[in-house]
Amino acid sequence: MNLCQAVNNAMDIALKTDPTACVFGEDVAFGGVFRCSVGLQEKYGKDRVFNTPLSEQGIAGFGIGLAAVGATAIAEIQFADYIFPAFDQIVNEAAKFRYRSASMFDCGKLTIRTTWGAVGHGGLYHSQSPEAYFAHTPGLKVVIPRGPIQAKGLLLSCIRDENPCIFFEPKVLYRTATEEVPVGDYMVELSKADIVKYGKNITLVGWGTQLHVLLDAAEIAEKDHGISCEVIDLRTILPWDVDTIATSVIKTGRLLVSHEAPLSSGFASEIAAVIQERCFLNLEAPIARVCGWDTPFPHIFEPFYLPSKWRVLEAILKTIKY
Amino acid sequence: MLLRHSGNNIFKALIRTCPYNCKYSTREEDSFRLHQFSEKYLNKRLVGFTERLNILKPEQVSTLPIYRVTDSLGKFIDKSLDPNFDKDFSLQLYKSMVTLNQMDRILYDSQRQGRISFYMTSYGEEACQIGSAAALQGEDLVYAQYRETGVLIWRGFSLPDIMNQCYGNAEDKCGKAAVEIIFTKLNKNRSKGKQMPIHFGSKKHNFMTISSPLSTQMPHAVGSAYAFKRANNSRVVMVYFGDGAASEGDAHAAFNFSATLNCPIIFLCRNNGYAISTPTSEQYAGDGIAGKGPGYGLNTIRVDGNDLIAMYNATQEARKMAIENNPVIIEAMTYRIGHHSTSDDSSVYRSAEEVKYWLDKEHPINRFKTYLVDKGWWNVEEDKNLLKKVRENILYAFSNAEKILKPQPLEVFEDVYKVI
């Protein structure tokens, strides 16, 4: 399965195992503009898989209302770039629904899926990585998979988690990443980072597409420079797995965090600050952040904008030589 | 297939139904497009062509009338319109309005004395709230804005519950029921106290917890109504909002979603003339909020919000439509007699005469009192006794709430997530 099929499969299982579950958003009925909901309407009916009017705040608000009375709501926002009209609904409403009523009401059965990250030619509004905006919001869970196996397990966990979740799907991987995905019903634990490659000299942390960039850089570092890198997929941005990262940094003494989103106030800042606090006596070099520049996401300059494996490698060498 | 059937029939139908004096094309080749536009683009509403260049001015569309049953004095316009409420029900309606009004006075004053931090009164909107609430079924879910305390009073949310929320004390029930279950083992007296006063909520009374951001509850209400439709549970959703809130994008989203997804929902707009200091002339330029209804494909009625019986009738009828998955919008025309909140001095932006006029000449409680008096069910003496008793009850609950300790400070970290 590719990532797109894995997402489809996860929703199929969610709809099959939970009669209250509904999938909705813009153009999901015919299968979605990325084909993630293909075949679901035919299988589960028009009342369970359906189009909404073109309004992101409406989609998020509608999903909260479904979830608030106990139905499972799987909402799609067509691109993460267009989640901002729903920002108020997500931040002021979904995230605070449980807290403000002291658990009398909640919208925990809401999951918002949205396509995320660079795609080669997406320009300003088909490329963004807005996870840090939501990472500043207690009450939400923010999850990003790196491939099809992860996508299916993490999405099922989000759908079944009793808190509102935002699930960002790296759209460049929809068709490019293919794995042997188990066809059964399985879940991958949230708020748990995944050590994808063990190493001893430096810890590299990333998520989504960037994890593959980190793996490429780690391979070059190892082959050409003899540097052993530990590569960790954070997977859940909020609440994030501090322990796994800290344990790794205590071992390696060095940390590099990399994401596509702009540097300033990106989620790497949070990781760097917390690890600096937790691992002050173990750190042998300043924590490196290799991120997108502090500009909007450009069209023709995308190759210069992205934190490529060469930029990551340069930062690894600099950190090791410090 | 459809096209073959339509042909001439569609022209005949058009001539019968088109309201704007259209000149219809008689050209045979137009039938394809007319059919497509009617079926596909306009949701099966018939449309015609016209060769007259005529830009529709809003004044050319007549305003929606205000449905009422009684006049300003509370007398029936037409005796046959008497709904013949029974005595107990009528007195319950009246007592609820009086309780709301008296409680508002006491809590407003208590805020002035610094005993609670904030308050919002319902002055002038008592009939709008109680009349609509009384026409709902108890299991119907209510989403409110914040000026709907009367709905809770009607549903039996107690005076101590109201006071405890305003004080944010350890007995604040707007979240307590669930919390008790979670923390029984710890044997801690936890509750809420997390939101500002008047942000009530009660699962038991099917009343969603209020939040401050305006209109956000409107698409929620649509989503819940959709879930009810799927569950086929004969429940409808009622969502209250003000004329100002109707300007938010969420209102637009909610109207549109409810109509396209055919949800069992009633939208109730309390048009009280002001959004804080902003008069409706600066809020919208059309025919109020009801004027928007048909544009969304919503069933629409404008009601005299100070006429309790009219509010009751309209809501009851709307519920019948809503339960069939035909959403309805009710615009209740009323007047905000009180200040916007305890943080507002409305004399800065409107005249005292205007307020006094509504208070003296057009008061919803007095208007309904006429009904009771005319029936021979009520007199001055009984009214005096009721006021005295209601005030005593309120003051008793109030002083009790004041004495209860605040929740323990660690409560601040609870309920951010289901499991921490």
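How many residues of domain 1 of chain A are in contact with residues of domain 2 of chain A? There are 28 residues of domain 1 in contact with 25 residues of domain 2, where contact means heavy atoms within 4.5 Å.

## Before you start

Welcome to this predicted model, in which local features need pLDDT of at least 70, side-chain atom pairs count only at pLDDT 80 or more, and totals for chains, interfaces and linings use all residues. Residues are numbered from 1 along each chain as its sequence is written, chains are lettered from A and ligands numbered from 1 in the order in which they are written, and side-chain values use heavy atoms, with hydrogens and water left out.

## The domains of each chain

Let us begin with chain A. Its domain assignment gives domain 1 (3–176) and domain 2 (194–321); such bounds come from an automatic or database domain assignment. Taken over C-alpha atoms, the centres of these two domains of chain A are separated by 27 Å.

Chain B is assigned domain 1 (20–54) and domain 2 (79–407). Here the centres, again taken over C-alpha atoms, are 44 Å apart.

Helix H10 of chain A covers residues 242–252. Helices (H or I, at least four residues) and strands (E, at least two) are DSSP runs, numbered from the N terminus. The buried residues of H10(A) are A:Val242, A:Thr244, A:Ile245, A:Ala246, A:Ser248, A:Val249 and A:Thr252. Buried means under 20% relative accessible area, exposed over 50%, and partly exposed in between (1.4 Å probe, protein chains only).

What do the buried residues of H10(A) pack against? Their partners in chain A are strands S7 (194–197), S8 (202–206), S9 (229–233) and S11 (255–262), together with helix H11 (267–278). Just after H10(A) comes A:Gly253, with a positive phi of about 80°. The loop between strand S10 (236–238) and H10 of chain A holds A:Pro239, and the peptide bond from A:Leu238 to A:Pro239 is cis, with omega near -15°.

A:Ser157 sits in helix H7 (residues 148–160) of chain A. With a relative accessible area of 10%, A:Ser157 is buried. Setting aside neighbours within four places in sequence, A:Ser157 is in contact with A:Met187, A:Val188, A:Glu189 and A:Leu190.

A:Val119 belongs to the loop between strand S4 (110–116) and helix H6 (131–135) of chain A, and its 24% relative accessibility makes A:Val119 partly exposed. Although A:Val119 and A:Lys171 are 52 residues apart along the chain, their C-alpha atoms are separated by 6.6 Å. Not counting residues up to four places away in sequence, A:Val119 touches A:His126, A:Lys171, A:Val172 and A:Glu302.

## Positive phi values in one loop

The loop between strand S1 (22–25) and helix H2 (40–44) of chain A contains A:Asp27. A:Asp27 is not a glycine, yet its phi is positive, near 65°. A:Asp27 is partly exposed, at a relative accessible area of 33%.

A:Arg35 also lies in the loop between S1 and H2 of chain A. This residue, again not a glycine, has a positive phi of about 70°, and A:Arg35 is partly exposed with a relative accessible area of 34%.

## Helix pairs in chain B

Two packed helices are described by the angle between their axes and the distance between the axes. Axes are lines fitted to C-alpha atoms, for helices over the stretch in contact, with angles from 0 to 180 degrees between N-to-C directions. In chain B, helix H3 (residues 87–112) and helix H4 (residues 126–134) pack at an angle of about 140°, with their axes 10 Å apart. H3(B) and H4(B) are therefore oblique to each other; angles under 35 degrees count as roughly parallel, over 145 as roughly antiparallel, 65 to 115 as roughly perpendicular and the rest as oblique. The contact is made by B:Phe89, B:Leu93, B:Ser96, B:Met97, B:Leu100 and B:Asn101 of H3(B) and B:Glu126, B:Ala127, B:Gln129, B:Ile130 and B:Ala134 of H4(B).

Another pair in chain B is helix H6 (residues 159–167) and helix H14 (residues 380–403), whose axes come within 9 Å and cross at roughly 40°. H6(B) and H14(B) are therefore oblique to each other. On the H6(B) side, the contact residues are B:Leu159, B:Pro160, B:Met163, B:Asn164 and B:Tyr167; H14(B) contributes B:Asn393, B:Ile394, B:Ala397, B:Phe398, B:Ala401 and B:Glu402.
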